[in-house]
Amino acid sequence: MSQTSNEQPQAGRPSYDSLILKDRIHGSLYTDRSIYDDEMQRIFREGWVYVCHETEIPKRGDFVRRRIAGDPIFAIRAADDRVNIFANRCAHRGNLLCTDDKGSARAIVCKYHGWAYDLDGKLVDVPYPAGLTCDRGELGLKALPRIDSYRGFYFASFAAEGISLREHLGQATQLIDRTCEMSPTGTLKLDAGWVQHRFRSNWKMLPENDVDGYHVNFVHPSFAEAIRSNYDSAAFKNEEEDLVAETRDWGMGHTEIDFSKAYTRPLEWFGCDPDRFPEYVEDMKKAYGEEEGLYKVTKGPPHACIFPNLFLAEGNIGMFEPMGVDECIHWHTPMILDGVDDALNKRLMRQSEGALGPAAFLLADDAVIAERTQEALGQSGGWLDLSRGLEREHQEGDVTVGHLTDEVTNRGFWHHYRTVMKGPAPVSRLERAA
């Protein structure tokens, strides 16, 4: 190993420099409750977290319910078309306001005492008002102080100050661009509904595993056999030198398995020939130009994780939700493309069911592996190796690139995690310059 340490986790606040080395990490990062509590604050409350997509709440009053670091929230479309994100609790006695996972409302009304709020969170009605003598203006809903979006993906933070969303996304905006531009209009529709799978494991195992190219032949042999003819050189060749897909660390904890080099003809990534959906291929060339449009339908969408909780899963969009130190939820929904034939979107939905559904090829296998890992770590954890490919990774600009089976993505995730967890919440470049 290129770096070693016999230092054990210290009492009191965790020493992340001791737990996360260049080539390995300590297993207590998955099992220590104090570390979990620390990351809920530093990553999920002080940082940017993906919440929802604009097409989930297209009209005034539409809302969706979510959780961030155990705190219930909801996003709602306001009268002026803005998206507001509020803590999901009444300002009176703290009762849950939105109890449905999604819906539409003219006003937000508490079922406990009937207090009513408008779509901007302002208290507008109180039953038996004579008894309320304090300033109603102080009794509005608690809005998350920072909300921003990129190409329809909405993110939020509980922290009033910090780096901008664009700084957080960094180069990974290219990954979101590639996802959106699988549609000839550049727009997605995430309105097919979400499927949730509960894992009895730490949440960090989800982004680690979803961009791990090393495990596929061993964890998913039935999947490999079923689709081998289409994806052989992407992930399933038996010889290491025959695998042409790559792992990529985009910085800021954003990571990817890049399958694009394995695809040489249009729609190969989709498991079919271009004459299956000729109108889609032609519409993409019209939208982006002959060369670029053909490139997009040949190389396909990304398979990438946006730190900490967004998963761009080729034909799916996913989310990771921590529920406890040894429990989490994997969310996914089919990626529906705007401006394409219904038959193409139906195929996307069927493939989503086959890959990530309740009886699918992939997710059940991954859940078993994650839960076995969590059980094996016990309480003491022990050291876990992340050195694979360290000597053969290389730089392409500011992106670190490795072989499909190399742990470039794991190191990228953990080294950014260490940066976030070691210090105070990051500040923007403007604040640093001041």
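How are helix 9 and helix 10 oriented to each other? In this predicted model, where local features need pLDDT of at least 70, side-chain atom pairs count only at pLDDT 80 or more, and totals for chains, interfaces and linings use all residues, the two helices are oblique to each other. Residues are numbered from 1 along each chain as its sequence is written, and side-chain values use heavy atoms, with hydrogens and water left out.

Helices (H or I, at least four residues) and strands (E, at least two) are DSSP runs numbered from the N terminus. Two packed helices are described by the angle between their axes and the distance between the axes. Axes are lines fitted to C-alpha atoms, for helices over the stretch in contact, and angles run from 0 to 180 degrees between N-to-C directions. Angles under 35 degrees count as roughly parallel, over 145 as roughly antiparallel, 65 to 115 as roughly perpendicular and the rest as oblique.

Helix 9 spans residues 278-288 and helix 10 spans residues 290-299; their axes come within 6 Å and cross at roughly 135 degrees. In contact (heavy atoms within 4.5 Å) are Y280, V281, M284, K285 and Y288 of helix 9 with E290, E292, G293, L294, K296 and V297 of helix 10. By class, this contact holds 6 nonpolar, 1 polar and 4 charged residues, where Ala, Val, Leu, Ile, Met, Phe, Trp, Tyr, Cys and Pro count as nonpolar, Asp, Glu, Lys and Arg as charged, and the others, Gly among them, as polar.

Another pair is formed by helix 3 (residues 33-45) and helix 13 (residues 408-422), with axes 9 Å apart at an angle of about 85 degrees. Helix 3 is therefore roughly perpendicular to helix 13. On the helix 3 side, I35, D38, E39, R42 and I43 meet Y417, V420, M421 and K422 of helix 13. Their contact divides into 5 nonpolar, no polar and 4 charged residues.

On a 1 Å grid over the protein atoms alone, a cavity is a set of points where a 1.4 Å probe fits but cannot get out, and a pocket is an open set with protein on both sides within 12 Å along at least five of seven lines; lining residues have an atom within 4 Å of a point. Grid points are joined across faces, edges and corners, and a volume is the space filled by probe spheres set on the points.

The second largest pocket has a volume of about 530 Å³. Of its 25 lining residues, E208, D212, I369, T373 and N410 lie nearest the centre. Helix 6 (205-210), helix 7 (216-219), helix 12 (363-377) and strand 21 (383-385) each supply at least two lining residues, and helix 12 gives the most, with 6. The lining of this pocket has 14 nonpolar, 5 polar and 6 charged residues.

There are 3 cavities of 30 Å³ or more. The largest cavity holds about 130 Å³ and is lined by 15 residues, with Y50, R67, N309, M319 and E321 nearest its centre. Strand 18 supplies the largest share of this lining, 4 residues, and the lining divides into 11 nonpolar, 1 polar and 3 charged residues. The second largest cavity holds about 60 Å³; F259, S260, K299, P301 and P302 lie nearest its centre among 13 lining residues.

Two backbone details complete the picture. F307 and P308 are joined by a cis peptide bond, with omega of about 0 degrees, and P308 sits in the loop between strand 16 (303-306) and strand 17 (310-313). M252 is not a glycine, yet has a positive phi of about 60 degrees; M252 lies in the loop between strand 14 (246-251) and strand 15.
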